[in-house]
Amino acid sequence: MADRLEKFLAPLKDTHFSLGDYVDFEKVGRNVESISIKLNQLNYLIGQPDMEYAVRRLWHENPGAFTVLDVLIAVRSKDMKKALDKEGNICIISDFFKSPEQVMDFLDGTGLAELFRDRKIKNLVDYVFGVEVGLDSNARKNRGGHIMENLVASIFEQNGLDYEREVYYSAFPLIEKALGADNKRFDFVLRNTHKTYLIETNFYAGGGSKLNEVARAYSELAPKINAVPGFEFVWITDGIGWMSAKNKLEEAMACIPSVYNLSTIQDLIDKVKEG
């Protein structure tokens, strides 16, 4: 077991991100385009010496233009972020966009009014593109799991394997019976003439309790699946986070015969092809 563990740990990777994973520019572009008309209307405020007059004039023309002001401070309305107004009352950010007076409170309070007057911002469409890049980079953590899944899918495709993705337990009555009511999904399913491989994937660049929880959960899951004739549980995981959870990983490997990382996944591919 010690040799198996060391073989697994030796090639663990620092990251599974490629350059293209850092920012989703297509998504950024879509987000900016969806509010570009309102941003262009707000461009009217740039360089105005009497900001309050300019706000009132634009409000008269189109009060809806101000509903996108939150993104200028890297906040999305759906997040329901809150702030104190000048009287000390707690307000949802979008509450500041309900009258010209409240809009001015927002512009003054955030410092945007000064930036507009002094033309520190030249064009709000370009400015928001930069903001969206920043917001998207904050979403990298949420993309991490999908990046690992995409990497594994790419490896399967390069090796000519047919696979299914995001398949629920209910697709396999025998497995559903063995596992009970929790209708979880598998990241991948591979098949050959003798066996169906039910696969979970993840990547951990850092340590933490999540690694222990996952190792424990899969240690309980694998024996139940492997006890069903014709099925095998496979765990593909990577990341140097496992260096801080060696003991839990070793315990899990004692219960899960098929554990692979991105460097040893070829062993799984060969096993499936040998069928």
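Predicted model: local features only at pLDDT ≥ 70, side-chain atom pairs only at ≥ 80, totals over all residues.
A74 is partly exposed, with a relative accessible area of 40%; by that term I mean a value between the buried class, under 20%, and the exposed class, over 50%, computed with a 1.4 Å probe on protein chains only. Residues are numbered from 1 along each chain as its sequence is written, and side-chain values use heavy atoms, with hydrogens and water left out.

To return to A74, this residue lies in the loop between α4 and β1 (82-84). Helices here are DSSP runs of H or I with at least four residues, strands are runs of E with at least two, and both are numbered from the N terminus. The phi of A74 is near 60°, a positive value in a residue other than glycine. Most residues other than glycine have a negative phi. R119 likewise has a positive phi, near 55°. R119 sits in the loop between α6 and α7, and its relative accessible area of 46% makes it partly exposed.

The largest nonpolar core holds 36 residues, and L42, L45, L69, L72, L107 and F116 touch the most other members. Such a core is a set of buried Ala, Val, Leu, Ile, Met, Phe, Trp, Tyr and Cys residues joined through side-chain atoms within 4.5 Å. At least two residues of this core come from each of α2 (25-34), α3 (36-42), α4 (51-61), α5 (100-110), α6 (112-117) and α7 (124-138). The largest share, 5 residues, is supplied by α7. A second, separate core has 31 residues, among them F8, I225, W235 and W242.

Which residues does L45 contact, leaving aside its neighbours within four places in sequence? They are M51, A54, V55, L58, F66, L107 and F116, where contact means heavy atoms within 4.5 Å. As a general remark, nonpolar side chains in soluble globular proteins tend to be buried together.

Next, the sheet. Five strands form an open sheet in the order β3-β4-β5-β6-β7, with mixed pairing; two strands are said to pair if DSSP finds at least two bridges between them. The edges are β3 (163-168) and β7 (259-260), each with a single partner strand, so one side of each is left without a neighbour in the sheet.

I shall take the pairs in turn. β3 and β4 are antiparallel over 5 bridges, and Y168 has R185 of β4 as its bridge partner. β4 (residues 185-191) and β5 (residues 196-203) also pair in the antiparallel sense, over 4 bridges, and a hairpin joins them through 4 residues. Opposite residues in β5 can be named for several positions: F188 faces I199, L190 faces Y197 and R191 faces T196. β5 and β6, by contrast, pair in the parallel sense over 8 bridges, with D238 in β6 as the bridge partner of F203.

How many residues of β5 are buried? The count is 8 of 8. T196, L198, E200 and N202 point one way from the strand, while Y197, I199, T201 and F203 point the other way, and all are buried. For β4, 5 of the 7 residues are buried, so that strand is largely enclosed by the rest of the structure.

Helix α10 (residues 209-226) packs on the sheet, touching β4, β5 and β6 (231-238), and its direction makes about 160° with that of β6. Axes are lines fitted to C-alpha atoms, for helices over the stretch in contact, and angles run from 0 to 180 degrees between N-to-C directions. β5, α10 and β6 make a right-handed β-α-β unit: with the strands pointing away from the viewer, the path from the first strand over the helix to the second runs clockwise.

Finally, the cysteines. A search of the whole structure finds 0 disulfides, a disulfide being a pair of cysteine sulfur atoms within 2.5 Å. C91 is buried, at 16% relative accessible area, whereas C255 counts as partly exposed, at 35%.
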